[in-house]
Amino acid sequence: MNKVDASPVSNDRLVWMRRDIERRFGFAGARYTRVGSVLPALIAAAITVALFGSFVAIGSNPIVDMFIRRGWTPPVIVFFSVWSMLILWFKRAKLKLQQKALRLRVMPDQIDFVLSVDRVSEVLHRLYEVCDDPKRFVLLHRIEVGLSNARNLSRVVDLGEILRTQSEHDESVMETSFNLIRGLVWAIPILGFIGTVSGLSIAIGGFGRVLSQTEDPSKLIGALQGVTGGLATAFETTLLALMAALLVQMTMTFQKKQEEEFLDECTEYCQREVLSRIAHSDASDVTSETKPQSDATGSIPDDETGFAPVEVIQEGEADADAVVIDGPIVLE
């Protein structure tokens, strides 16, 4: 049996505990490209408070007024938008860490290495040499699950189907990791519409009070200038919400595209580095289990009993050498 290459791999070893971005902030890191909601929310809250505090310090101007003089909806819109963008930023950092696994060699370096049931344990051991925790990486965990099941089943020929099933699971995990962002993208325009309704109600209510309090046209015009503030709230909150939702949605689309491409690269890696190393003898064992066995003369029986087929001779077709039995045949 070929010896596994014992070349050191410590220089390229992935240490998830030190490189995960959530772990660097002192929080429990989520698996794969998932991001916890607490850390981004805390940072987003701090950024929102600092931003609106600076707006108050700047003073009144058209841009600042759009944020601090249009009710309670603009601060919430900003908070949700910053929260979403921070989650996407964390996901991008996690994806870069996941992509580093594609540069690892999980198989021994021999060109003639063949993957069989007897050598699965060697590859699993090598996984822990190149990474501290394979379960934290999409690619390495997929390989680990596939090899572990193949070892338990004692059939590496089923490895392709196992990896395909795990690939579908990874795609599902990727989709669910965007659920919170989708919810925030849905909530941001709703907040804009709430601000619109609030602003219109203020404007219409103020207009009614103006008409009831004065009949002088000159005073009416001056009073209506205060009513326009409600209309500004109505339209500016909607504008702010739509712009924020568009920014978050486009960023999420690009991030999702990169994660889908990464999953495709993981599938190609498994095909190139793992499935191509499966022993051909194992594949032929499956064929031999279902292939009918031949007898000593080389002929293959047509039925499962092993008896040769009986030729049925119609009446009047017997040849000269044929023995015709008229009576019944009794088997003792």
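Trainee: What share of residues 38-60 is helix, and what share is strand?

Mentor: The span is 91% helix and 0% strand, and its end C-alpha atoms lie 33 Å apart, where helices (H or I, at least four residues) and strands (E, at least two) are DSSP runs numbered from the N terminus. This is a predicted model, in which local features need pLDDT of at least 70 and side-chain atom pairs count only at pLDDT 80 or more, whereas totals for chains, interfaces and linings use all residues. Residues are numbered from 1 along each chain as its sequence is written, and side-chain values use heavy atoms, with hydrogens and water left out.

Trainee: Where does UniProt place the feature "transmembrane region"?

Mentor: The unreviewed UniProt entry places it at residues 38-60, 72-90, 184-207 and 227-248; such annotations may be inferred rather than shown by experiment. Residues 72-90 are 95% helix and 0% strand, with end C-alpha atoms 28 Å apart. The chain as a whole has 11 helices and 0 strands.

Trainee: Why is K91 called buried?

Mentor: The relative accessible area of K91 is 1%, and buried means under 20%, exposed over 50% and partly exposed in between (1.4 Å probe, protein chains only), so K91 counts as buried. K91 is found in helix α5 (residues 73-99), and beyond residues up to four places away in sequence it touches T33, V35, S177, F178, I181, Q255 and E259, contact being heavy atoms within 4.5 Å.

Trainee: What makes the pair of E259 and K91 a salt bridge?

Mentor: Their side chains meet at 3.1 Å, N to O, and a salt bridge asks for a side-chain nitrogen of Lys or Arg within 4 Å of a carboxyl oxygen of Asp or Glu, so the pair qualifies. Because E259 lies in helix α10 (residues 217-274) and K91 in helix α5, the pair ties together parts that are 168 residues apart in sequence. E259 is also buried, at 2% relative accessible area.

Trainee: How do you know that D170 forms a salt bridge with R142?

Mentor: The closest N and O atoms of D170 and R142 are 3.0 Å apart, which is within the 4 Å limit. D170 lies in helix α8 (residues 159-176) and R142 in helix α7 (residues 138-153), so this pair ties together parts that are 28 residues apart in sequence. Both D170 and R142 are buried. The structure holds 13 salt bridges.

Trainee: Which backbone oxygen does the side chain of R126 reach at 3.0 Å?

Mentor: The side chain of R126 reaches the backbone oxygen of R105 at that distance, and a polar atom of the R126 side chain lies 3.4 Å from the backbone oxygen of M107. R126 lies in helix α6 (residues 120-130) and is buried, with a relative accessible area of 4%.

Trainee: Why is F193 called partly exposed?

Mentor: F193 has a relative accessible area of 44%, which falls between the 20% and 50% limits, so the term is partly exposed.

Trainee: Which residues form a nonpolar patch on the surface?

Mentor: W72, W186, I190, F193, I194 and L242 form it, with about 650 Å² of accessible area together, as given by the Shrake-Rupley method with a 1.4 Å probe, only the protein chains shown counting as cover for residues. Patches are made of residues with over 30% relative accessible area and no salt bridge, nonpolar side chains (Val, Leu, Ile, Met, Phe, Trp, Tyr) being joined within 5 Å and like charges within 9 Å. Helix α9 (residues 179-213) supplies the largest share of the patch, 4 residues, and F193 has its place in that helix.

Notes:
Polar contact = N/O pair within 3.5 Å; in protein donor to acceptor, adjacent residues only side chain to side chain.
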